[in-house]
Amino acid sequence: PNINTEISLMNWSLLRLLFALSSMVSTVVFANNTSITNLVYSEKGLAGKQIMTKISDTQYSGSLDLRWNNRVFKVDEKIKLNGKGQILSFESAGLSPFGAAIAESFKWQDGIARWESNKEDGRIKSSGEQFYLPVNSAVVAENLMVQAMLKNIGNAIELLPSGTARLTELKTVKLSADSGSEQVTLYAISGLGFTPDFSWYDSQGNFFAKDHSGFMKVIREGFTLDDFEKLKVIQNSAEQEYLEGVARKLSHSYTTLLIKNAQVVDVINSVVLKNTDVLFKNGKVSQVAKNINVPESTATIDGSGKTLIPGLWDMHGHLSKDDGLLNMAAGVTNVRDVGNSHDNIMEIERLFNTNQVIGNRVFRAGFFDQMSEFSAGLSVKSLAEAHEKIDWFADNGYIQIKLYSSIDPTWVEPIAKHAHRRGMRLSGHIPAFMTAEQAVKAGYDEIQHINMLFLNFLAGTEVDTRQQLRFTLIGEKAGDVDINSKEFNDFIQLLADNQIVIDPTVSTFRSLLLKERKKIDPEFLAVAEHLPPNVLRQLKGAEMNVTDDLKDNYQAGADAMSALLKKLYDKGVPIVPGTDNIAGFTLHRELELYADAGIPEMDVLKIASINSAKLVGAANYLGSITEGKSADVILIDGDPLKDMSVLRKTSLVIKDNHFYRPEELYKILGVKPFTSSSHLQ
């Protein structure tokens, strides 16, 4: 799982974090009425504790208290086993980071398993040997699940409500501490997500430690962060080895490749070339023409009835290594990462660029905040230190700077001037106690998240938008904002005149506002039946505490975002597509929302290709199907100029001198493919 430095919304990385952190409490074989504690660290230091208590051989309790970036995640739970170690009952209660209550229960009795939570409920006949995996938090349960798998033949266990988990032993090491030594083993747990989960357990099968892509660190109390670093290196190597194995199997190299008779979208000239061939040689677009003559031995793909478009761009990512598979399967061949740890993103960039691991091209934005109780990620304590960070990012190849919500508004102008002197753009959240209009006049080049435009009028300089109000104000009041008023029009004209880029992440905000108890996130309804069961479970339920009397307001707020999208487009304000959520799938939905808002389909494709390439300075070699440019294309079964949803039916992806079949990539991710892959003739 990847932990975003921003975590501004309930995005996929955050969902994975909450599931993983809440499922990892160490427990040795310890005496009744004693406890084991794990410590959770962020970049700012200690962020929380996980405590597990053994009440008896068949009863356990657990608690989690995690605090970061104005998020509080608290849960208390109880679990009861029978003499065989099978779950008889489970209960949990608490509060999720965006305010929704946690209340989950499970009971197995007389051959019937029953469960209920904020996300789902169900009833099924069961022998009791299937293991119930809690959906909200599993402080005790996953630890006991691992112990159960270690006892089973094949180290596998059937799950309730569905699925199978499997444990693979990877490497064992010995650590020493003041309290004694501990032998710990790295395991890969398959069946819980798109890719295996890698975690450390002790010799008795109890969770010990885990690295979350450098953003969150978990290790048993009594051991140090130096111990953690030793384990981190081994864990990251194992994750990389798995992904490299996938790349060796599913990356297909070519020297010459021809796609014949396709509908080719020319985003430079906004035209469609019918029945056109495109020839690729050595990772470049060699020729675009009708009836290209090639030797009979040339690898050829029939593009009849299909559409060839440039590879898609996600301009708001927080990458982990496994995101590469999801992005490439979806035809997202280019990602601007807008907040990550330096070591993590540099490793990802190296692995993706050398094709050791399947993944998109990477464009890096530096991220920092001002140290405060609400700050996120890398934090600075002074304006001088902020300037030092800008210089460091510039010297290390970052293309822009992104700021967060705790930045002192008086710092923005000098930060902007310094970033511009170093040839870097400035973007970000609008700092608390500052308006978007003020940020633009102080030197912002780009604004992340469409809520910041509404907060210009709903929050002004009085509201502390480091807190949850930056979300709840949108749900409660954005629908009442008159975006056609003179005041709002003047603001949009300011954005247009200064060509301020907006990275709206509309789909992710809709997820936050519109998710409801026991229902699938509406933003993922179109792909729900394709997703692995345990992934789909995480997409159910409300994230915010929206009372019945406010549901219409929250729907109006979501609708207002779409209306504002179209107005921005009509007024000439540049838009770039970003996700800040599940890789691949969210980008498709984001572009679908642009088209639904009334932006012409051709311009949506331009936004997702050449316009994004221009913004990061890569339009000379990427962003369009142009002779001499890098091979960066996707072949779609259908016509996105008529129906943007067919982007999900990508059948071939070409990146430089390799091509990929999404059908193959999705299968290894546990995803039901959306179409059959194109086959070479």
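User: In this predicted model, which strand do two bridges join to β13, and how do the two run?

Analyst: Two bridges join β13 to strand β14, residues 207-212. The two strands run antiparallel. The bridge partner of tyrosine 201 in β14 is phenylalanine 207.

User: What about strand β12: how many bridges join it to β13?

Analyst: Six bridges join β12, residues 180-190, to β13, and this pair also runs antiparallel. Tyrosine 201 of β13 is the bridge partner of threonine 185. β12 and β13 form a hairpin too, with six residues between them. In its turn, glycine 191 has a positive phi of about 105 degrees.

User: Is β13 enclosed or open?

Analyst: Count its buried residues. Six of the six residues of β13, 197-202, are buried, so the strand is largely enclosed by the rest of the structure. Asp197, Ser199 and Tyr201 point one way, while Phe198, Trp200 and Asp202 point the other way. Residues on both sides are buried.

User: Now helices. How should I read the direction of side chains?

Analyst: An α-helix has 3.6 residues a turn, so residues three or four places apart point the same way. Take helix α12, residues 506-514: nine of its nine residues are buried. Among them are Val506, Phe509 and Arg510.

User: What covers the buried residues of α12?

Analyst: The cover includes α9 (451-458), α10 (469-477), α14 (551-570) and α15 (585-596).

User: How do I describe two packed helices?

Analyst: Two packed helices are described by the angle between their axes and the distance between the axes. α10 and α14 pack at an angle of about 100 degrees, with their axes 6 Å apart. The two are therefore roughly perpendicular to each other. Thr472, Ile474, Gly475 and Glu476 of α10 meet Asn553, Tyr554 and Gly557 of α14. By class, this contact has two nonpolar, four polar and one charged residues.

User: Which residues touch the most other members of the largest nonpolar core?

Analyst: First, the general idea. In soluble globular proteins, nonpolar side chains tend to be buried together. Here the largest nonpolar core has 122 residues, and Phe368, Ile447, Leu495 and Phe585 touch the most other members. Its largest share, seven residues, comes from α14. A second, separate core has 40 residues, including Ala113, Met149, Tyr187 and Val218.

User: What does phenylalanine 368 touch?

Analyst: Leaving out residues up to four places away in sequence, its contacts include Leu378, Val380, Phe393, Tyr404 and Ile415. Lys389 and Lys402 are also among them.

Notes:
Residues numbered from 1 in each chain as written. Predicted model: local features only at pLDDT ≥ 70, side-chain atom pairs only at ≥ 80, totals over all residues. Heavy atoms only, no water. Buried < 20%, exposed > 50% of the residue type's maximum accessible area, 1.4 Å probe, protein only. Helix = DSSP H or I, 4+ residues; strand = E, 2+ residues; numbered from the N terminus. Pairing = 2+ DSSP bridges. Contact = heavy atoms within 4.5 Å. Core = buried A, V, L, I, M, F, W, Y, C linked by side-chain atoms within 4.5 Å. Axes fitted to C-alpha atoms, helices over the stretch in contact; angles between N-to-C directions. Parallel < 35°, antiparallel > 145°, perpendicular 65-115°, else oblique. Nonpolar A, V, L, I, M, F, W, Y, C, P; charged D, E, K, R; others polar.
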